[in-house]
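Me: I am new to this structure and would be grateful for a close look at one residue in its strand. Please then continue from there to the helices and loops that deserve a description.

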Amino acid sequence: MTVPMADLPAQYTALKSELDAAISRVMATGGFILGPTVTALENQVAALCGAKHGIGVGNGTDALLLSLMALGVGPGDEVITPPFTFVATVETVVLLGATPIFADIDPVHFTLDPADVAKKITPRTKAIVPVHLFGQLADMEGLRGFGLPLIGDGAQAIGSAQQGKEVAQWSELTTLSFYPTKNLGAAGDGGMILTNDDALAAKLRLLHFHGSGGKYDYHLVGVCSRLDALQAAILSVKLPHLAVWNEARRTNAMFYDQALAGIEGLVLPKTRAGNVHTFHQYTVRVLANRRAALKAFLAERGIATGIFYPVALHLAPAYTQRFGGASGDHPESERACVEVLSLPIFPELSAAQRVYVAQSVRDFFGP
């Protein structure tokens with residue numbers, strides 16, 4: 001048996017007729033940039049996530065970059081982020097000439113620790129970027145207490161919630177990624193920015209289209225980052241299935257929770273109280289320096305796994321060279337980087353596959 005980390009062909013097969021028809025409709029119109037297909041998806045995703053406005057953009061990285069631009073982040077500013085994240089969270093800050101200030105993570109949930117954030121705030125702090133990692137929200141009640149603008153990096157967290165409030169209700173701006181393997185994935189790159197602020201939404205609609213309010217009518221210095229109509233059509237077909245897919249991920253997670261319970265040397269993921277977790281990843285900790293051996297053991301059995309992420313960004317050469325950083329600066333992020341391993345949890349995972357994964361993990365650790 002083989003078990004991948006995702007099965008995109010299976011998802012396409014299940015929705016083939018709808019997807020092919022949606023693509024054909026766009027092809028027949030010739031309207032590939034913006035237009036009603038994109039607008040409809042923006043409205044649907046915004047409503048799902050608790051926002052008034054959705055602005056479709058080229059990818060999740062651009063969503064972060066444009067959100068920072070909308071807040072006026074630039075040289076001399078500081079933006080607090082975790083070092084345990086995908087590089088886009090940090091590189092977008094640097095691209096605007098601002099300084100990333102790293103704060104460590106909560107070791108239980110892998111998200112930004114408000115207690116460490118409190119130590120990093122200065123008069124130059126322009127924004128905080130909590131990452132809703134692996135499918136659940138960071139401690140947003142704690143982070144909102146600082147009174148600073150929040151950009152929620154929700155690339156992995158569409159459909160998540162906290163204390164009964166949807167993901168986009170917690171931040172001035174929330175970013176999404178539609179990378180193909182995300183819970184809601186396109187057939188290529190795509191992203192979206194969500195906000196309940198009318199002024200920010202209007203500014204973002206200018207910024208993502210060269211700062212233009214129309215042809216050759218430039219109000220701001222912007223960029224070119226638009227969600228393609230073809231990708232919007234594909235996502236519109238998939239969106240009605242998202243709730244079922246997220247529930248399938250939770251079901252798979254509950255199975256693993258039970259099947260892997262009690263294994264010495266293996267720490268299972270925890271859901272923060274009050275969170276609705278969408279399990280973009282099911283990420284365990286493998287203790288005692290045994291992660292590489294477990295990963296290799298599972299690979300021999302045809303089971304794919306992932307390491308998200310192997311390097312804390314304060315130790316990555318691109319950022320250490322410019323902003324300093326040394327081993328021990330952010331111990332929880334550094335520890336996570338050497339312990340985390342994500343197991344397959346995609347919604348099309350069969351009962352037989354998940355049993356095989358769990359039994360193989362147990363076989364590795366022994367009786």
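Reply: The residue T175 belongs to strand β8, which spans residues 173-177. The model is a predicted one, in which local features need pLDDT of at least 70 and side-chain atom pairs count only at pLDDT 80 or more, while totals for chains, interfaces and linings use all residues. Residues are numbered from 1 along each chain as its sequence is written, and side-chain values rest on heavy atoms, with hydrogens and water left out. Strands (E, at least two residues) and helices (H or I, at least four) are DSSP runs, numbered from the N terminus.

T175 has a relative accessible area of 1% and is therefore buried; the word applies under 20%, exposed applies over 50%, and partly exposed lies in between (1.4 Å probe, protein chains only). Apart from residues up to four places away in sequence, T175 touches A63, L64, S67, I151, G152, D153, G154, A155 and M192. Here a contact means heavy atoms within 4.5 Å.

One of the partners of T175 is L64, and L64 also takes part in the packing of two helices. Helix α4 (residues 60-70) and helix α5 (residues 88-95) pack at an angle of about 40°, and their axes are 9 Å apart. The axes are lines fitted to C-alpha atoms, for helices over the stretch in contact, and the angles run from 0 to 180 degrees between N-to-C directions. The two helices α4 and α5 are therefore oblique to each other. Angles under 35 degrees count as roughly parallel, over 145 as roughly antiparallel, 65 to 115 as roughly perpendicular, and the rest as oblique. On the α4 side, T61, L64, L65 and L68 meet A88, T89, E91, T92, V93 and L95 of α5. By class, this contact has six nonpolar, three polar and one charged residues. Ala, Val, Leu, Ile, Met, Phe, Trp, Tyr, Cys and Pro count as nonpolar, Asp, Glu, Lys and Arg as charged, and the others, Gly among them, as polar.

P100 sits in strand β3 (residues 99-102) and is buried, with a relative accessible area of 4%. Between P100 and S17, which are 83 residues apart along the chain, the C-alpha atoms are separated by 46 Å.

A second pair of helices may be described in the same terms. The axes of helix α11 (residues 291-300) and helix α14 (residues 351-365) come within 10 Å and cross at roughly 130°. The helices α11 and α14 are therefore oblique to each other, and their crossing is right-handed. Their contact is made by A293, L294, F297 and L298 of α11 together with S360, V361, D363, F364 and F365 of α14. Seven nonpolar, one polar and one charged residues form this contact.

Within α11, the buried residues are R291, L294 and L298. Seen down the axis of α11, they fall within an arc of 65°, so they line one face of the helix; the arc is that of the directions from the helix axis to the C-beta atoms. The exposed residues A292, A299 and E300 are carried by the face turned away from that buried side. The cover over the buried residues of α11 includes β12 (282-286), α13 (331-339), β13 (340-343) and α14.

In the loop between β12 and α11 lies A288, a residue other than glycine with a positive phi near 60°. A288 counts as exposed, at 63% relative accessibility. F279, in the loop between β11 (275-276) and β12, likewise has a positive phi, of about 45°, although it is not a glycine. F279 counts as buried, at 7% relative accessibility. After α11 comes G302, whose phi is positive, near 85°. In the loop between α11 and α12 (317-323) is Y309, and the peptide bond from F308 to Y309 is cis, with omega near 25°.

Technical notes:
Left-handed = near helix turned anticlockwise from the far one by under 90°.
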